[in-house]
Amino acid sequence: MLERNIDFEGDLPSMNQNIDVPHHVNTFWQCHAGTLDTRQPQRLLTIAQRSELATIDVLETLFLLDIKHLTCVENTLIFDRQRGLIKTKLTTRQIMMNYAGRLGLSGTQLIKQLAGELGLSKHKLPVIHGDAILMPLSTAKRGTTSWYNRHYLNHIEAQGFMTALVYDGQITIQVDMSERVVTRQLAKAGQLQAALQEHHRRRLVPDQSVPSMADTDHEMMQSYTDQVLKHFGILALPGEISCLTRRFFGKL
């Protein structure tokens, strides 16, 4: 029985602002409608499609379920809007390390830095890439863990000590984590996403209070040209000097 339904439109207004207009999802999710209980991965294995070289699309992958503890050849179940349910030998750690590695310096190291600046705990930090925010269910330092995506997440529902993640396309995934913990983690991820966007915005828009290197070189060149012309008694209007200088810098 549902105990509480958390809609983020009031609690976390930034939750749904980046969600795209709902589009096609794999018919797999229509055929297997209902709540998918991550505590019973054996049932999910029977309906999953095997893939040896499984990768994730962070704008479509909703959940990575760690099944390394099971006695089977697969280590991960990938819940993907477009590809359905996929089982692979790759561990969640391998999949996430491969993905985070492609982000380079804008990946985990930058998130740690921003968390420190915001005074947030560096425990269970998400991996953020644009609208996608992949969050671990538990710490991944000592091994593998499951991951869920904030992208396309419409709301969450408290189900006892469990929480149902309700995604766009009527995809519901039940996880072994309390609603309070999920809500707190989502809020923290939202703060980090906003800080990351602001960090990239500042890098794209230079600080107008500090002259750029090009502006400084331009002013020095114009001053030097003015001194040379005066030394040789050559008459030139300031506008002409400025024009010549700008033409010179335009050819660099």
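1. A pocket here is an open set of points on a 1 Å grid over the protein atoms alone, where a 1.4 Å probe fits, with protein on both sides within 12 Å along at least five of seven lines; lining residues have an atom within 4 Å of a point. The lining of the second largest pocket includes Thr-38, Arg-39, Pro-41, His-69, Asp-176 and Met-177.

2. This is a predicted model, with local features needing pLDDT of at least 70 and side-chain atom pairs pLDDT 80 or more, while totals for chains, interfaces and linings use all residues. Numbering starts from 1 along each chain as its sequence is written, and side-chain values use heavy atoms, without hydrogens and water.

3. The second largest pocket has a volume of about 190 Å³ (the space filled by probe spheres set on the points, joined across faces, edges and corners).

4. The largest nonpolar core has 41 residues. A nonpolar core is a set of buried (under 20% relative accessible area, 1.4 Å probe, protein chains only) Ala, Val, Leu, Ile, Met, Phe, Trp, Tyr and Cys residues joined through side-chain atoms within 4.5 Å. Phe-63, Tyr-148 and Leu-192 are among the members that touch the most others. Helix H6 (residues 179-204; a DSSP run of H or I, at least four residues) gives the most to this core, 6 residues.

5. Beyond neighbours within four places in sequence, Leu-192 is in contact (heavy atoms within 4.5 Å) with residues including Ile-111, Leu-114, Leu-125 and Ile-128. Another core lies apart, with 14 residues, among them Val-58 and Tyr-99.

6. There are 0 disulfides (cysteine sulfur pairs within 2.5 Å).

Key:
Buried < 20%, exposed > 50% of the residue type's maximum accessible area, 1.4 Å probe, protein only. Helix = DSSP H or I, 4+ residues; strand = E, 2+ residues; numbered from the N terminus.
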